[in-house]
Structure formats: C-alpha cells, structure tokens
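Visitor: I am new to this structure and would like a tour. Could you show it to me, please?

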Amino acid sequence: MKPFAYHRAQSLRDIPDGATIIAGGTNLLDLMKHEIATPNTLVDISHLDLNRIEPEADGLRIGALVRNSDLAADPVIRRDYPVLSRALLAGASGQLRNMATTGGNLMQRTRCPYFYDLRTQCNKRAPGTGCAAMGGVIRNHAIFGASPDCVATYPGDMAVALSALGAEVEIAGPDPRRVPVADFHLLPGNTPHVETRLRPGEIITAVILPAPVTGEQRYRKVRDRASFAFALVSVAAVITMVDGRITRAALACGGVAAKPWRDPECEAALVGREPSDALFEQAASLMLRSASSQEGNAFKIPLLRRTLIATLRDATGLEPAP
Amino acid sequence: MTNVTMTVNGKSVSAPAEGRTLLVEYLRTGLGLTGTHVGCDTSQCGACVVHVDGRAVKSCTVFAMDVEGSDVRTIEGMANADGSLGVVQQAFQDHHGLQCGFCTPGMVMTTAALLAENPRPSEAEVRHGLEGNICRCTGYHNIVKAVLAASGQDADAIAAQ
Ligand SMILES: Cc1cc2nc3c(=O)[nH]c(=O)nc-3n(C[C@H](O)[C@H](O)[C@H](O)COP(=O)(O)OP(=O)(O)OC[C@H]3O[C@@H](n4cnc5c(N)ncnc54)[C@H](O)[C@@H]3O)c2cc1C
Ligand code: FES
Ligand code: FES
C-alpha cells in the first residue's frame with residue numbers, strides 16, 4: 001500500500017480539498033491494498049457526529065455514518081422498512097456490517113474483476129484505456145444500461161432497497177441538495193469513471209427515508225453460494241394491495257446495471273390489477289425488454305425473470321413459486 | 001511513525017504505527033500478539049477477527065489509527081483470569097470445533113460477539129452469524145455444535161433434529 005497522510009476529521013469543514021474520505025474502510029482499504037486507490041491524504045470521517053437515526057418529516061433521517069449492522073437492527077427500520085433491513089443482512093458479513101457505513105455502502109465500487117486487475121484495461125479505473133470485460137469473462141456484468149465503454153455493475157444490496165423505498169441522498173458541500181437514490185448512480189455512457197452525482201469536494205451526510213408505505217416488502221437475492229457473496233441478481237419489492245388489487249408497486253433490481261434498475265412502465269403495468277401469473281409474466285417481460293447480454297451473462301436474463309416473478313408472487317400472497 | 005495508543009485486553013498499550021499500518025499488523029508486530037491470524041488479508045476469511053469496543057471486526061481491514069483510543073480485545077484476552085480456557089474456547093475443544101486451528105481465533109472472537117448479542121441463537125442464526133469466517137478443515141458442523149454448546153444449549157439434540 002502506498003504511504004499517505006492520515007487525518008482524523010474533527011468536523012465536516014475539516015476535510016482538505018482533494019483528500020479521500022474513509023468511513024468504515026471496508027471497501028476503500030481493499031482498493032488501497034490493490035493500489036487502485038492511491039490517496040495522498042486520507043481523511044477519516046468515522047468519528048464525526050453523523051451516526052444517528054432520527055425522525056424527519058414523516059420518515060427517517062439516517063446519518064451517513066450509521067453502521068450497516070445498526071441500521072439493519074434498528075426497531076423502526078425493521079418494522080416500517082423491512083426491505084432495507086433484509087437487504088443489509090443479505091450483504092457482506094457481520095464483522096463487515098459492523099464497520100460499513102450508510103454513505104460508504106452507497107459509494108462502494110464495482111466488483112468487476114478487470115477493475116481489480118491492474119494489468120488489464122479498464123475505463124473506470126484508467127479512463128480511456130478500454131474495457132477488458134468486452135469479450136472477456138463477464139459473469140457478474142450488467143444486462144441493463146451498459147455502454148461499449150463499460151459493462152460493470154453497482155454491486156451493493158442496500159441501495160436497491162433504498163431505491164424501491166424512494167429514499168434520497170443528502171449531500172453537503174458548496175451546493176447542498178438532495179438526490180433520489182434512484183438517480184444517484186449514473187450509467188456509464190462514455191465516462192464510466194464518473195459513477196454518482198456526488199461531485200469532487202462533496203460528502204454524503206445522510207439518507208432520507210420517506211413516510212413508510214403500507215403493504216408488503218421483500219428482498220430476494222440470488223448468488224453463487226448461500227452466504228457472503230454479492231448478488232448475481234436481486235429484487236427489492238414494495239407492493240401495496242387494496243381489495244385484492246395492486247394499488248402501488250415499486251421494484252428495483254440489483255446486480256444487473258451500474259445502478260439499482262427500475263422500470264416505471266413495468267411498475268405501472270401492475271397497478272390496478274389483480275395478482276396473477278399472467279400479469280407477473282407480462283411485468284417481467286416489460287422489465288426485460290431493454291435487457292441485453294453477452295454469452296457469459298446471458299443467464300441473468302432468465303434468472304432475473306424468475307426472481308422477479310417469485311418475488312411478486314411472494315409479496316402479493318400468490319403461492320411462493322415452487 | 002507516530003505512537004498509537006489503545007486499550008488491548010484491558011491494558012493500555014502504545015506502539016508505533018504509520019497511517020497505513022493495519023490493526024492486525026499493529027497487534028502482531030507492534031505488540032507481539034500473534035494469536036490474531038492473517039488468512040486472506042482482504043476481509044474474506046475472518047481469521048483476523050478481534051473486538052473493537054465490543055464489536056467483532058476484521059482487523060485486516062481497519063487502520064490502527066482509526067481505532068486509536070478504542071477498547072480492543074483479542075484471542076489472548078479470552079482465557080479466564082486463572083489461565084484456564086474461557087467458555088467459548090472450552091466448547092471448541094470439547095466439540096472438536098478445530099483441526100489445524102488457523103481459523104479458530106477468529107471463530108472464537110466472532111462467537112463471543114454473537115453470543116453477547118444473542119445468548120441463545122438457533123442453529124440457523126449461528127450459521128448466519130459465522131458467515132464471515134471460513135474454515136477449510138472442519139466442515140463447520142462441529143463449530144456450530146461448539147457455539148450452541150457455548151450458549152448452554154444441547155448441541156447434539158439440536159443437531160439430531
Ligand atoms: C468480503 C466482502 C463482501 C461484501 N459483500 C457485500 C454484499 O454482499 N453486498 C453489499 O452490498 N456489499 C458487500 N460488501 C461491500 C460493503 O458493503 C462495503 O464495503 C461497505 O458498505 C462500504 O462502506 P464503508 O463505510 O466501509 O466505506 P469505505 O470503504 O470507508 O468507503 C467506500 C467509498 O465511499 C466513499 N465514502 C465513504 N463515506 C462517504 C460519505 N459519507 N460521503 C462520500 N463518500 C463517502 C469513500 O471515499 C470510498 O470511496 C462486501 C465487502 C467485502 C469486503
Ligand atoms: S485476514 Fe482478515 S478476513 Fe482474512
Ligand atoms: S480448523 Fe483449520 S481452518 Fe478451521
């Protein structure tokens with residue numbers, strides 16, 4: 001690991017220009033060991049007072065430094081936003097969740113193997129060098145929103161649930177603002193190294209959850225082994241039903257794009273309808289109409305179809321898929 | 001290099017560290033506490049688990065400076081005051097929860113943190129709680145038994161169900 005100057009920030013203003021922020025360190029430290037990240041100055045924000053979960057309007061304000069384990073175990077989260085708790089507990093392991101923070105989780109980098117391999121080309125790691133994943137081993141890559149320059153996915157679970165819940169990211173800096181989680185991560189286009197709406201010199205201070213939605217919430221994650229692995233595909237569903245009809249549906253898919261993937265047409269197709277297998281097949285077809293794959297990740301298309309249908313069956317009380 | 005001070009196993013300690021010194025290096029090289037192991041060095045295997053302020057963390061993925069001033073506990077702090085094995089350690093011995101022993105310090109530290117939070121876990125909760133600890137010898141069954149036994153439950157009866 002390259003040497004660097006370590007600084008423990010005393011306040012939000014105590015972050016020098018050009019410094020790299022470290023929170024839980026569970027992603028950044030690995031990137032520094034691989035020398036993919038080589039900061040000259042590392043500012044440790046983990047001791048700042050951003051670690052509370054508090055009421056905000058009708059929802060909640062989750063400080064950027066709330067640990068993933070604390071967020072998953074919070075009684076209000078478990079009661080009103082269970083999809084968030086499930087998604088967190090489906091990710092990493094207990095020891096990592098004890099360190100990992102809300103802000104750091106949103107900002108975690110891709111798990112594309114070529115991004116990690118300094119001997120290969122990667123437009124995300126070294127802009128303009130090319131993309132070794134094109135025609136390479138592409139098992140965990142995107143089926144939505146990829147570009148010729150990058151097929152990497154955003155690997156996290158938490159943001160998938162936050163996107164389905166309609167949460168927002170609170171950003172501090174010269175231009176303080178809130179950005180919906182659903183718009184926070186960017187598709188690669190021809191600038192895959194620009195991954196989020198966060199600009200240099202800005203910091204995430206909180207995630208804001210809107211008022212809880214009545215209904216059913218599910219998180220279903222499919223991975224290569226039963227625990228401690230990133231999603232091949234995942235689905236977060238927040239479904240409201242009244243008198244046997246779906247009145248509101250939010251669906252976000254993980255592991256399939258550079259951002260949690262949502263499709264407004266697919267969601268709209270469910271509203272006003274009674275749950276049925278035919279309806280869910282139709283919704284899955286709408287979701288997947290914009291999917292594209294290469295040989296190595298073609299399995300993700302039928303896998304996402306099945307996962308989406310199973311999640312919808314489960315959330316709407318049709319028998320869970322056999 | 002600056003001196004980094006923290007409490008380790010109840011004693012205030014100080015050792016030199018650079019910004020990039022990992023907590024596990026600080027413990028092993030700085031303090032000579034080599035009971036904490038390094039398996040993967042990339043937060044996958046769990047051999048390096050210690051407690052920081054009561055919580056299990058992977059010490060290969062924490063900078064020593066980040067936990068300056070914290071209360072750290074390692075496998076060396078798990079025996080009873082008279083030097084006999086602590087409850088969790090004894091249960092691992094009794095139930096053959098180890099073979100080569102490489103993963104054991106991390107397994108014991110993760111178990112202790114798990115039981116502090118959840119004193120009577122189900123078998124499924126034990127397996128989920130240990131998901132960040134990899135053992136290449138035992139096949140896990142005896143580890144799960146040891147954890148259940150350490151929680152005062154009849155591990156064999158649960159296993160037979
Ligand atoms: C073995 C392993 C398995 C894992 N499995 C999963 C999994 O299954 N699912 C999953 O979702 N995740 C998984 N993870 C990833 C884990 O969730 C992330 O590493 C973690 O959430 C990152 O949070 P952190 O606080 O440690 O971030 P850090 O490592 O401290 O930071 C990560 C990045 O975010 C930036 N950053 C941190 N905080 C802020 C802020 N407040 N504002 C702006 N930028 C900020 C940092 O500069 C850095 O670039 C796994 C990680 C490991 C090592
Ligand atoms: S050495 Fe830390 S997790 Fe493997
Ligand atoms: S006992 Fe050998 S790795 Fe676990």
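Guide: Let us begin with a term: two strands pair if DSSP finds at least two bridges between them. Helices (H or I, at least four residues) and strands (E, at least two) are themselves DSSP runs, numbered from the N terminus. What you see is a predicted model, where local features need pLDDT of at least 70, side-chain atom pairs count only at pLDDT 80 or more, and totals for chains, interfaces and linings use all residues. Residues are numbered from 1 along each chain as its sequence is written, while chains are lettered from A and ligands numbered from 1 in the order in which they are written.

Visitor: Which residue of E3(A) is the bridge partner of Ile21(A)?
Guide: Strand E2 (residues 20–22) of chain A pairs with E3(A) in the parallel sense, over 3 bridges. E1(A) also runs parallel to E3(A), joined by 4 bridges, and there His7(A) has Val43(A) as its partner. For Ile21(A), the bridge partner in E3(A) is Val43(A).

Visitor: Which element gives the most to the side of chain A that touches chain B?
Guide: Two residues are in contact if their C-beta atoms, placed from the backbone, lie within 7 Å. The contact involves 21 residues from chain A and 21 residues from chain B. On the chain A side, at least two residues each come from strand E1 (5–8), helix H1 (28–33), strand E3 (41–44) and helix H5 (94–99). The element that gives the most, with 5 residues, is H5(A).

Visitor: How many residues on that side of chain A are charged?
Guide: Ala, Val, Leu, Ile, Met, Phe, Trp, Tyr, Cys and Pro count as nonpolar, Asp, Glu, Lys and Arg as charged, and the others, Gly among them, as polar. The side of chain A that touches chain B has 10 nonpolar and 8 polar residues, and its charged residues number 3.

Visitor: Which element gives the most to the shell around ligand 1?
Guide: Ligand 1 lies between chains A and B. A residue is near a molecule if its C-beta atom, placed from the backbone, lies within 6 Å of it; of the 32 residues around ligand 1, Gly24(A), Gly91(A), Gly103(A), Gly104(A) and Met107(A) come nearest. In chain A, E2, H1, H5, helix H6 (102–107) and strand E8 (203–209) give two or more residues to this shell. With 4 residues, the one that gives the most is H6(A).

Visitor: And how many residues of that shell are charged?
Guide: The shell around ligand 1 includes 15 nonpolar and 15 polar residues, and its charged residues number 2.

Visitor: How far apart are the C-alpha centres of the two domains of chain B?
Guide: Domain bounds come from an automatic or database domain assignment. For chain B this gives domain 1 (2–75) and domain 2 (87–156). Their C-alpha centres are apart by 22 Å.

Visitor: Which element gives the most to the side of domain 1 of chain B that touches domain 2 of chain B?
Guide: This contact takes 15 residues from domain 1 and 11 residues from domain 2 of chain B. Strand E3 (49–52) and strand E4 (55–58) of chain B each supply at least two residues of the domain 1 side. Giving the most, with 3 residues, is E3(B).

Visitor: What is the radius of gyration of chain B?
Guide: Chain B has 6 helices and 5 strands. The radius of gyration is taken over C-alpha atoms, and the globule rule is 2.2 Å times the number of residues to the power 0.38. For 161 residues the rule gives 15 Å, and chain B is close to that, so it is as compact as a globular protein of that length, with a radius of gyration of 16 Å.
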